[in-house]
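Work through these exercises with the structure in view. Try each task before you read its solution.

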Amino acid sequence: MAASTWNLDKSHSGITFSVRHMMITNVRGSFNDFDASVSADPADLASLEASLTIDVNSIDTKDESRDGHLKSADFFNAEQFPQISFKKTALVSKGGEDYALTGDLTIAGVTKSVTLNTEISGPAKDPWGNTKFGVVADGVINRSEFGLSWNAALETGGFLVGDAIKIHIELEFAQA
């Protein structure tokens, strides 16, 4: 099979994250508006070309006040940097459906190379004859490395917001 274009199926995709709050629990959130571009030959995934863009203003932590703070210059500075982007630079097989996906992640104007543990499933035909494949990627980034360093010290020691952000991405693609 030659390389072909694959379209994101947004209704079967999602991007979520979690971060420690007050060193005792996790706050979870999602980005509701994102898009991905993929060109791939499922028989030769090493040649996969992929990029992802996320609308920062679509952040949703189920708290409008917190979402507003996250969009401010204290964190994402969505007015100046309205998008988060990821562009694949390498994909290394770890056996079976498991891969190490490396790419350039840009948040708030800062670009860093990150590697995500990734599972690529498919291709498979759905009941309507469409060819699809799925991608699940997980990783942890350090938010302060991207300039998102706002915090508040706690009386008991430690900080209000953790530095490690756990990322979970699930994407489904249909062959164009």
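**Exercise 1.** Are F17 and F31 buried or exposed?

Solution. Start with the terms: buried means under 20% relative accessible area, exposed over 50%, and partly exposed in between (1.4 Å probe, protein chains only). Both F17 and F31 are buried.

Before going on, note the source. This is a predicted model, where local features need pLDDT of at least 70, side-chain atom pairs count only at pLDDT 80 or more, and totals for chains, interfaces and linings use all residues. Residues are numbered from 1 along each chain as its sequence is written, and side-chain values use heavy atoms, with hydrogens and water left out.

**Exercise 2.** Classify the aromatic pairs F17–F31 and F133–F173.

Solution. Step one is the rule: rings of Phe, Tyr and Trp (its six-membered ring) pair if their centres lie within 6.5 Å; planes under 30 degrees apart count as stacked, over 60 as edge-to-face and the rest as tilted. By this rule there are four aromatic pairs.

Step two takes F17 and F31. Their ring centres are 5.5 Å apart and their planes stand at 40°, so this pair is tilted. F17 sits in strand β2 (residues 14-21) and F31 in strand β3 (residues 25-31), 14 residues apart. Strands here are DSSP runs (E, at least two residues), numbered from the N terminus.

Step three takes F133 and F173. With 5.2 Å between centres and 20° between planes, they are stacked. F133 belongs to strand β10 (residues 131-142) and F173 to strand β11, so the pair ties together parts 40 residues apart in sequence. Together with W6, F133 and F173 form one aromatic cluster.

**Exercise 3.** Which residues are linked in a network of salt bridges?

Solution. A salt bridge needs a side-chain nitrogen of Lys or Arg within 4 Å of a carboxyl oxygen of Asp or Glu. The count is three. Take them in turn:

- K132 and D9: closest N and O atoms 3.0 Å apart.
- K132 and D126: 3.9 Å, N to O.
- K132 and E172: closest N and O atoms 3.2 Å apart.

The network therefore links D9, D126, K132 and E172. K132 counts as buried because its relative accessibility is 18%. D126 is buried too, at 16%. E172 is partly exposed, at 22%.

**Exercise 4.** Which residues have the most contacts inside the largest nonpolar core?

Solution. Such a core is a set of buried Ala, Val, Leu, Ile, Met, Phe, Trp, Tyr and Cys residues joined through side-chain atoms within 4.5 Å. The largest has 43 residues, and F76 and F173 have the most contacts inside it. Strand β11 (residues 161-175) gives the most to this core, with five residues.

Notes:
Helices (H or I, at least four residues) and strands (E, at least two) are DSSP runs, numbered from the N terminus.
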